[in-house]
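Open the model in your viewer and keep the sequence panel beside it. The tour goes from one selection to the next.

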Amino acid sequence: MAAPTSAPAITPQRVRAIRRRLLDWYEAHQQPFPWRPGEGRARDPYAAMVAAVAAQQTQMPRVLEIYERWMAAYPTLEALARADRADVLRTWGRAGYPRRAVHLHEAARICIEQHRGEMPRDLDALLALPGVGPFTAAIVRCFGFGEDSVAIDTNVVRLVGRLVLGDLQPTRESSPAAVLEAATRLMPRGEASRWNPALMDFGARVCAARPRCAECPLATLCAARTRFASGEVAEPVRAQGAFGGSDREARGRILAALRASDVPLREAVLLRDLASDEAERERLARLVGALAADGLAWRARGRVGLGAPAPSPAPRGRAGGKGAPRRARPRMRVR
Ligand code: SF4
């Protein structure tokens, strides 16, 4: 049976009690992550974007590590926009899903070129940036601009889906529309900067994959509590396929080899060093093409490099003259 697409009614008293208990819990357990405003930390939409992009499918200790390394290298949008793509990918390192680093780099260039060097506040303009979906846009608007935007990640889906909809495994069972509606009703106006992280942290630490209902301050208000108490269990969400031997793992090996070299590599040598037989060489060659299509690598004249190729210098004495090679127009102007 399809999940209902709207949330059930929730009384104002229950909404008030949920808000109070969750914010009390957050007050006692909050972690002062540097991208969250408060306690002397100013609002920074760029920092919020970096953190939200880094947080996609990544555990929080790893997010913090990526964030600190990234912000040390590129503390502003302008610094990031001016950076070389290969350096950006080296800074991202082995943090997983390097396409996110490319997205951040492209987004910074667009902000510099099209938004007067600043992160846009407008939702549609944010969603038009590479790699920015509803969650990242909501985080930028909430932490960066103090807007009442509802940020929904998997922790929030799990918590709201259980608390309001009564589902046990909401990431699989609940309708996204119903979760969004319920989360929007719960949000206290003017409190998004505390409310969103409260939901995310509570979903990660209390209403986790295995919920800790016995110590949950929301237990008496929760629609799923009696189901869990009667012995029902949340079916585990299917884990991602094995990493070893996957294309993702092979792409990581190719990128690691490119990151380790200061100069472009001969593609034939790269493939020979990484592959044990002809079939594997063909697979890796296909993956080099996919990395190039994703903006993570380039290949030309038998060589492969990290990021984008450096522009060729104009021949001496002919720059701009008749017959001089036409220089590619820069995609964006960085002021
Ligand atoms: Fe989650 Fe259990 Fe608390 Fe309900 S009672 S919100 S299921 S931890």
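**First stop: Glu280**

Select Glu280 and show what surrounds it: leaving aside residues up to four places away in sequence, Glu280 touches Arg253 and Ala275, where contact means heavy atoms within 4.5 Å. Glu280 sits in helix 16, residues 278-293. Helices (H or I, at least four residues) and strands (E, at least two) are DSSP runs, numbered from the N terminus. Glu280 has a relative accessible area of 16%, so it counts as buried. Buried means under 20% relative accessible area, exposed over 50%, and partly exposed in between, with a 1.4 Å probe and protein chains only.

**The whole chain**

Zoom out. This is a predicted model, in which local features need pLDDT of at least 70 and side-chain atom pairs count only at pLDDT 80 or more, while totals for chains, interfaces and linings use all residues. Residues are numbered from 1 along each chain as its sequence is written, and side-chain values use heavy atoms, with hydrogens and water left out.

The chain has 16 helices and three strands. Its C-alpha atoms fill a box of roughly 80 × 50 × 35 Å along the principal axes. Of its 335 residues, 44% count as buried. Among contacts with a separation of 6 or more, 67% are between residues 24 or more positions apart.

**Helix 2 and its cover**

Select residues 45-54, which are helix 2. How many residues of helix 2 are buried? The count is 10 of the 10, so helix 2 is largely enclosed by the rest of the structure. Its buried residues include Pro45, Met49 and Val53.

Keep helix 2 and helix 3 (residues 60-73) on screen: their axes come within 9 Å and cross at roughly 140 degrees. Axes are lines fitted to C-alpha atoms, for helices over the stretch in contact, and angles run from 0 to 180 degrees between N-to-C directions. This angle makes helix 2 oblique to helix 3; angles under 35 degrees count as roughly parallel, over 145 as roughly antiparallel, 65 to 115 as roughly perpendicular and the rest as oblique.

Show side chains at the contact: Tyr46, Ala47, Val50, Ala51 and Ala54 come from helix 2, and Val63, Ile66, Tyr67, Trp70 and Met71 from helix 3. By class, this contact has 10 nonpolar, no polar and no charged residues. Ala, Val, Leu, Ile, Met, Phe, Trp, Tyr, Cys and Pro count as nonpolar, Asp, Glu, Lys and Arg as charged, and the others, Gly among them, as polar.

**Aromatic rings**

The structure holds five aromatic pairs. Trp70 and Tyr74 form an edge-to-face pair, 5.2 Å centre to centre with 65 degrees between the planes. Rings of Phe, Tyr and Trp (its six-membered ring) pair if their centres lie within 6.5 Å; planes under 30 degrees apart count as stacked, over 60 as edge-to-face and the rest as tilted. Next select Phe33, Trp35 and Tyr67, which form one aromatic cluster.

**Last stop: Pro176**

Go to Pro176 in helix 11, residues 176-186. Is Pro176 buried or exposed? Pro176 counts as exposed, because its relative accessibility is 68%. Draw a distance from Pro176 to Gly38: the two are 138 residues apart in sequence and 30 Å apart in space, C-alpha to C-alpha.
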